[in-house]
Amino acid sequence: MAALKTSALPAAGRAPERPRIGRKQTVRQRLRHDWPLLVLTLPALAQLAVFFYWPSSWNIIAFMDYSPYRSFWENPFVGFAWFERLFSDPYFMPALVNTLQFAFAQLLFVFPLSIVLALVMHSVISTRVRSVFQSIVYLPYFFSWVLVVTVFVQMLGSDGLVSNWLLGFGGDRIDVTADPDSFMFLAWMQWSWKDAGWGMIIFLAALSSINPSLYEAAAVDGASRWRRMWHITLPGIRPVIVLLLILQIGTILTVGFEQYQLQREAVGYQTTEVLDTFVYYRSIIGTEGESFGTAAGLFKGVIGLVLVLVANNVAHRLGEQGIYQKS
Amino acid sequence: MSTTDIRSRKPRVKNRRPSWDDEPSLLGKLTKAAFLICYAAAIIIPLWAVVATSFASEEALNKAGGNLLLLPTELSLRAYEEIFSGGALTDSLILTIILTAGGTAISMVLTIGAAYGLSRPGSLAHRPLLMLILFTFLFAPGMYPSFLVVQKLGLFDSYWSLILPMALNAFNLIVLRSFFMNSVPTELIDAAKMDGAGEFRILFKLVLPMSKAILAVIALFYAVMYWNIYFQAVLYTPGLDTQPIQVVLQRMLMSTQGLPGAASNAAQYQSTAAAPTAALKMAVVVCTIVPIVIMYPFIQKHFTKAVITGAIKG
């Protein structure tokens with residue numbers, strides 16, 4: 001196959017549909033040839049330029065004493081002063097700690113749940129049962145956080161269905177939805193309810209790409225169910241696990257805004273403040289200025305970027321594919 | 001690669017344990033069944049309670065004495081009548097439908113254009129442009145700079161700020177691009193070119209008709225995103241009278257959680273001065289769920305494929 005490819009097509013490789021004479025085509029010639037492709041790409045690039053790269057470059061005001069009432073270049077550069085201010089802010093560290101807590105809790109308790117769900121689902125033989133359960137389990141992934149929180153309040157709040165049951169059995173009301181001490185548990189239930197099914201689908205897809213003859217060979221050799229899972233299934237889905245782990249680690253400081261903002265009033269800001277809500281409440285609707293909020297956001301963005309690159313590098317060292325291949 | 005593997009392996013005998021596999025123990029089977037049933041129940045029961053409550057009459061709700069009930073003793077459509085009676089709730093629903101339709105259309109134009117434009121490795125500036133798009137996976141500009149840009153563009157408190165800033169999803173773009181690259185045969189495109197068709201013709205007459213399924217899935221993903229818009233509305237359009245349905249729902253929820261300051265917020269959404277009844281709230285929840293449930297079977301049908309192409313191939 002490979003031999004055929006190289007011998008039959010002289011311009012093998014990247015663009016077989018277009019006769020290419022090495023790299024001799026000038027930019028002008030290529031432009032005449034490729035302009036429709038560029039025109040088609042243009043709207044998306046314009047959107048990115050305006051709503052991704054332009055705001056990204058605005059991050060420079062994290063190093064300035066920015067005021068909207070001055071012209072841009074009149075704003076003095078202040079170095080890392082805003083970051084120093086950020087770290088001495090009494091609310092920033094708690095927000096950072098909360099963020100990390102929620103992120104690690106997601107990694108530790110939701111991620112494995114998706115894998116377990118996928119493994120159980122994969123072992124179900126009946127395709128009908130499987131498809132029914134799959135449809136149910138990942139439906140909530142498409143619900144908004146507002147909806148999820150609403151449903152949880154209605155179920156587990158002080159007037160909720162569960163409280164009523166408990167009253168009916170002679171128990172006390174519970175209110176999980178307004179209790180700072182149990183917020184982590186509540187958040188865990190919400191993540192599981194909303195997102196575990198989505199993770200399950202991805203792992204199921206990975207599971208179904210494992211060659212079944214491996215299982216057969218192992219079974220014939222006398223490997224038990226558990227051994228087959230340990231030696232075939234888990235290694236088989238390891239690349240996907242690593243990929244998702246890297247992606248999760250990269251977004252570790254982005255645990256989301258909505259879930260925490262929505263429950264802030266009920267549970268209290270001390271427990272629910274994460275970096276995004278910190279920026280919103282302190283800087284956008286609060287009194288801290290533009291530079292302060294930008295510095296907090298930039299801190300988050302840069303840490304995220306570094307984490308993805310490091311995690312991906314580690315994955316490469318461990319012999320995994322990671323999110324992008326080394327070229 | 002993985003997609004074709006799965007497809008080619010599918011036509012096996014259905015619902016039969018392979019001969020080499022021994023029957024699992026009864027205990028194992030029961031544990032598994034219990035786990036799955038509990039999990040499904042935890043999702044189904046709340047949703048059922050929401051639907052049941054939305055159709056319950058006031059009296060039935062009072063008798064049940066809570067926010068939710070599982071079996072309404074008396075049915076009533078009052079909540080839905082109120083939603084569709086032309087008040088603020090109707091406006092909000094109409095707005096959300098328009099946002100969803102318009103936003104999805106814009107997003108699809110951007111996504112299809114770029115996915116096709118970048119589907120020919122080796123075309124002019126292909127690599128740098130692709131890098132510009134892939135970089136968005138690694139970094140986020142931050143909330144404040146994005147907010148500033150929306151302000152500077154004059155989009156603050158404008159409905160455009162609920163569409164344009166997130167009109168392009170790089171993940172969807174990459175999924176669609178790899179579909180164009182891997183699943184549309186190059187021979188067909190070459191043949192069309194031989195016949196003198198330009199790129200636009202090829203895109204509209206050849207590539208798009210061949211990609212209907214995946215286009216529908218991506219459109220539905222965008223639609224769900226716009227339908228669920230909340231954060232952007234809180235951030236960019238706090239001053240507008242008619243808010244997306246999720247914001248309205250949140251205000252209704254707050255108003256009955258009995259929190260200081262929340263009641264005044266919610267008051268403007270009430271046709272009566274009283275706090276929204278549980279039935280009305282749940283009816284709004286049902287209204288936000290129904291479109292998703294309608295789209296869902298379709299998403300589901302094609303979506304595993306899209307996820308595999310996207311997540312595994314990256």
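In the predicted model, the two chains meet over an interface in which 88 residues of chain A are in contact with 89 residues of chain B. On the side of chain A that touches chain B, the element that gives the most is helix α2 of chain A, spanning residues 27–58, with 19 residues. When the residues on this side of chain A are divided by class, 52 are nonpolar, 24 are polar and twelve are charged.

Chain B itself is built with 15 helices and zero strands, and of its 314 residues, 40% are buried. Among the contacts in chain B with a separation of 6 or more, 68% are accounted for by residues 24 or more positions apart.

The largest nonpolar core has 155 residues, and the residues with the most contacts inside it come from both chains, namely Met200(A), Phe203(A), Leu176(B) and Val284(B). The greatest contribution to this core is made by helix α8 of chain A (residues 183–208), which gives 13 residues. For Val284(B), once its neighbours within four places in sequence are left aside, the residues in contact are Ile83(B), Leu89(B), Val248(B), Leu249(B) and Met252(B).

Two packed helices are described by the angle between their axes and the distance between the axes. In chain A, the axes of α10(A) and helix α14, the latter covering residues 290–317, come within 7 Å and cross at roughly 160°. Because angles over 145 degrees count as roughly antiparallel, α10(A) is roughly antiparallel to α14(A). The crossing of these two helices, α10(A) and α14(A), is right-handed. On the α10(A) side the contact is made by Val242(A), Ile246(A), Ile249(A) and Gly250(A), while α14(A) takes part through Gly304(A), Leu307(A), Val308(A), Ala311(A), Asn312(A) and Ala315(A). Sorted by class, the contact of α10(A) with α14(A) has seven nonpolar residues and three polar ones, with no charged residues.

A further residue of helix α10 of chain A, which runs over residues 225–250, is Leu234(A). Leu234(A) is partly exposed, since 13 other C-beta atoms lie within 10 Å, and a residue counts as exposed if that number is 12 or fewer and as buried if it is 20 or more. The C-alpha atom of Leu234(A) is separated by 43 Å from that of Gly293(A), a residue 59 residues apart from Leu234(A) along the chain.

Methods. Residues numbered from 1 in each chain as written. Chains lettered and ligands numbered in written order. Predicted model: local features only at pLDDT ≥ 70, side-chain atom pairs only at ≥ 80, totals over all residues. Helix = DSSP H or I, 4+ residues; strand = E, 2+ residues; numbered from the N terminus. Axes fitted to C-alpha atoms, helices over the stretch in contact; angles between N-to-C directions. Parallel < 35°, antiparallel > 145°, perpendicular 65-115°, else oblique. Left-handed = near helix turned anticlockwise from the far one by under 90°. Contact = placed C-beta atoms within 7 Å. Nonpolar A, V, L, I, M, F, W, Y, C, P; charged D, E, K, R; others polar. Core = buried A, V, L, I, M, F, W, Y, C linked by C-beta atoms within 7 Å.
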